[in-house]
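Have a look at the model below before you read on. I've jotted down a few points to go through with it open beside you.

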Amino acid sequence: MISGLDKFLAFFSKRGKKRPFSAWQIELTTRCPLACKMCIRRENDAWQNQDMPFDLFRTLLPCLKDVETVILEGWGESLLYPHLTECIRLIKKEGPDVGFVTSGKGLKQSRVSELVEAGLDFVGFSIAGTTPATHAAIRVNSELSDIIDGVRLFNEERARRKTAKPRVHLVFLMLKNNIAEVSEVPTLARELGVEEVFLTNICHTINTWQEEQKLFVWDMKENPYEKIVKKVEDRARKLNIKLKRPSLTATNVAVCEENPLRNLYISAQGHVSPCVYLHPPLPSPFKRIFCGRDHWVEKLSVGNIFQASFPTIWNCAPYVDFRSRFVRRHKKSRELFLSLLNGAKPGAPPQETLPEPPDPCKSCHKILGL
């Protein structure tokens, strides 16, 4: 599951693209062979395993001419989807970049060759440690050796075809249990021939273990892990590794990095939601822990794209109202910034003066810039 969508897109964006939408995140399957300790599926027997019907996926294609990047990723492992290669091939005909993040489990040379041949633009490999034991303890049922083999297969296929695509990157989820190994991520990337690394937070927590594992703080105190991450940034620069990292200290942001103004999420069942975190494959309401307190949030679907046209969904009143909240926050944030540039004395902190976000976002750590 992709998090930090806007940062992800900025990290891999191409210059010159000016389509109405930055990214559509399309979930092909919610099935996954892993039992990751940080997943919201933990301790929940009501997970809804489902695949997007391929014939219905094809109906999305005309819409993709307006999209810069399609991320074939949701709450499952995209490699399990039987029509993944064909999906990539069809999307490329519409013009967007396309890719996904994977555990790499079961990846073989023949599959890699098919994916590259189809036109895959980027692929990320999720790791939770630079040693096999740490990784396996967090990403249960995943082996670090499988990921290393997967990266090698893509590198070999690119070399054989004399092409730079797909761009391969590592996604490292930072936790207290693996923070001691984060400094070795740039070195591992260099050894694997990977030039890009994406560090992430665990933002959606549902149990005590997950809550205790997060590195970020929301009380504005100095974060003891900040020095560690800055050293990782320094090492990455020395090794010529492009690295993106999240904030470890909360600050109210005008528009979260999932950016519902230019991005959206489509579930395997066709439900359109402003964000992947607002429509997990669980019964509604679903649980999240926010700033140490339990919250129960109703799933948010603004329409089903297999049952209504996209313009109808995009322009429906609930969706327009949702986006307008962020438009007002962005406008106010800009006004505050410009007033400071013009010499106004700082007044109340921006987080105290921004208009309220949509109700489902009030209990999401993303609205705190994490």
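1. Which residues lie nearest the centre of the second largest cavity? They are Cys 256, Cys 275, Leu 278, Phe 326 and Cys 361, out of 15 residues that line this cavity. Here a cavity is a set of points, on a 1 Å grid over the protein atoms alone, where a 1.4 Å probe fits but cannot get out, and lining residues have an atom within 4 Å of a point.

2. Before going further, some ground rules. This is a predicted model, where local features need pLDDT of at least 70 and side-chain atom pairs count only at pLDDT 80 or more, while totals for chains, interfaces and linings use all residues. Residues are numbered from 1 along each chain as its sequence is written, and side-chain values use heavy atoms, with hydrogens and water left out.

3. Back to that second largest cavity: its volume is about 110 Å³, where a volume is the space filled by probe spheres set on the grid points, joined across faces, edges and corners. Searching the whole structure turns up seven cavities of 30 Å³ or more.

4. Now find helix 3 (residues 84-94) and helix 4 (residues 109-118), whose axes are 8 Å apart at an angle of about 15°. Helices (H or I, at least four residues) and strands (E, at least two) are DSSP runs numbered from the N terminus. Axes are lines fitted to C-alpha atoms, for helices over the stretch in contact, with angles from 0 to 180 degrees between N-to-C directions. Helix 3 and helix 4 are therefore roughly parallel to each other; that label covers angles under 35 degrees, with over 145 being roughly antiparallel, 65 to 115 roughly perpendicular and the rest oblique.

5. Helix 4 has another partner, helix 6 (residues 144-161): their axes cross at roughly 55° and come within 10 Å. Helix 4 and helix 6 are therefore oblique to each other. On the helix 6 side, the residues that meet helix 4 are Leu 153, Phe 154, Glu 157, Arg 160 and Arg 161. The contact divides into five nonpolar, two polar and four charged residues.

6. While you're in helix 6, click on Asn 155. Leaving out residues up to four places away in sequence, Asn 155 touches Val 168, Leu 192 and Gly 193. Ala 254 is 99 residues from Asn 155 in sequence, and their C-alpha atoms are 39 Å apart.

7. Most residues other than glycine have a negative phi, and most peptide bonds are trans. Asn 141, in the loop between helix 5 (132-138) and helix 6, has a positive phi near 80°. Lys 165 and Pro 166 are joined by a cis peptide bond, with omega about 5°; Pro 166 sits in the loop between helix 6 and strand 5 (167-173). Another cis bond, between Ser 284 and Pro 285, has omega of about 5°.

Methods. On a 1 Å grid over the protein atoms alone, a cavity is a set of points where a 1.4 Å probe fits but cannot get out, and a pocket is an open set with protein on both sides within 12 Å along at least five of seven lines; lining residues have an atom within 4 Å of a point. Contact means heavy atoms within 4.5 Å. Ala, Val, Leu, Ile, Met, Phe, Trp, Tyr, Cys and Pro count as nonpolar, Asp, Glu, Lys and Arg as charged, and the others, Gly among them, as polar.
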